[in-house]
Amino acid sequence: MPYFDKSRSLTYSYLISMPLLLVYEVLILISHPATAVRLSTDIWIKSIFAVSGQNTIVITLLVALVLGLVVFYRERHRSLALKPRHFLAMILEALIYAVFLAMLISGFVMWLFAYVQEPGFAATRLQQFTLSLGSGLYEELVFRVILVGSLLWLFTRLRIKWWVKHGSAVIIGAVVFSAAHYVGTMGDVFTIGSFIFRFLFGVALNLIFIYRGFGIAAWTHSLYNLMLWVQS
């Protein structure tokens with residue numbers, strides 16, 4: 001089907017992700033610029049950019065622009081006429097996935113371990129909203145595009161069977177994604193329930209990324225977190 005083919009493309013994923021980046025960066029600056037609260041994955045990326053000694057936000061936007069040019073160049077020969085209804089359908093699809101994950105994974109882990117997920121950062125409501133929105137972009141970029149993408153590339157180079165390659169990338173990526181939430185001074189307190197929840201959530205997002213692309217995975221993650229924000 002045209003929608004499923006086009007919505008999975010790099011072009012559509014890039015364009016639908018840009019609002020998450022721009023809104024996140026703007027809201028971070030206006031929510032409380034003196035004591036800006038940022039995502040761990042955002043800080044990791046910004047720390048790399050900081051080596052240049054330049055403004056990290058400017059570098060972030062320049063990198064995003066360059067990536068966009070690369071994406072458009074790579075897919076210049078594909079018939080990807082941009083249709084607004086496809087973008088709306090992608091957000092609706094991501095919302096369906098987010099609701100499904102909330103009902104299935106959260107419900108299962110809460111039933112099994114009496115675990116209730118709550119926002120893990122002390123911040124204003126606007127900052128919580130901002131971080132909930134931005135986590136879909138930055139965490140998917142680090143743990144899906146970079147981590148899972150690298151694992152798939154490595155396993156392909158090693159000529160590992162298709163199902164072993166994808167299964168291993170999904171599992172390893174989910175373990176690292178879950179474990180990363182407990183690292184550092186801002187990490188959460190480890191519990192079995194929270195680890196298993198994040199592992200299962202990571203498995204689901206890895207599958208969405210592999211089969212539906214980065215854009216829908218990012219929006220699924222962000223919309224899920226926004227649902228938690230609304231309920232908090």
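The count of salt bridges (a side-chain nitrogen of Lys or Arg within 4 Å of a carboxyl oxygen of Asp or Glu) comes to 5. This is a predicted model, in which local features need pLDDT of at least 70, side-chain atom pairs count only at pLDDT 80 or more, and totals for chains, interfaces and linings use all residues. Residues are numbered from 1 along each chain as its sequence is written, and side-chain values use heavy atoms, with hydrogens and water left out.

**Asp5 and Arg78**
- Asp5 and Arg78 form a salt bridge through their side chains, at 3.3 Å from N to O.
- Asp5 lies in helix α1 (residues 2-7) and Arg78 in the loop between α4 (56-74) and α5 (84-113), so the pair ties together parts 73 residues apart in sequence. Helices (H or I, at least four residues) are DSSP runs, numbered from the N terminus.
- Asp5 has a relative accessible area of 45% and is partly exposed; Arg78, at 35%, is partly exposed. Buried means under 20% relative accessible area, exposed over 50%, and partly exposed in between (1.4 Å probe, protein chains only).
- A network of salt bridges links Asp5, Glu75 and Arg78.

**Glu25 and Lys46**
- A salt bridge of 2.9 Å, N to O, joins the side chains of Glu25 and Lys46.
- Glu25 belongs to helix α2 (residues 10-31) and Lys46 to helix α3 (residues 40-49), 21 residues apart.
- Glu25 is buried at 5% relative accessibility, and Lys46 is buried at 7%.

**Glu140 and Arg144**
- The side chains of Glu140 and Arg144 meet in a salt bridge at 2.8 Å, N to O.
- Because Glu140 and Arg144 are 4 residues apart in helix α6 (residues 125-157), about one helical turn separates them.
- Glu140 and Arg144 are both buried.

Note on methods: Helix = DSSP H or I, 4+ residues; strand = E, 2+ residues; numbered from the N terminus.
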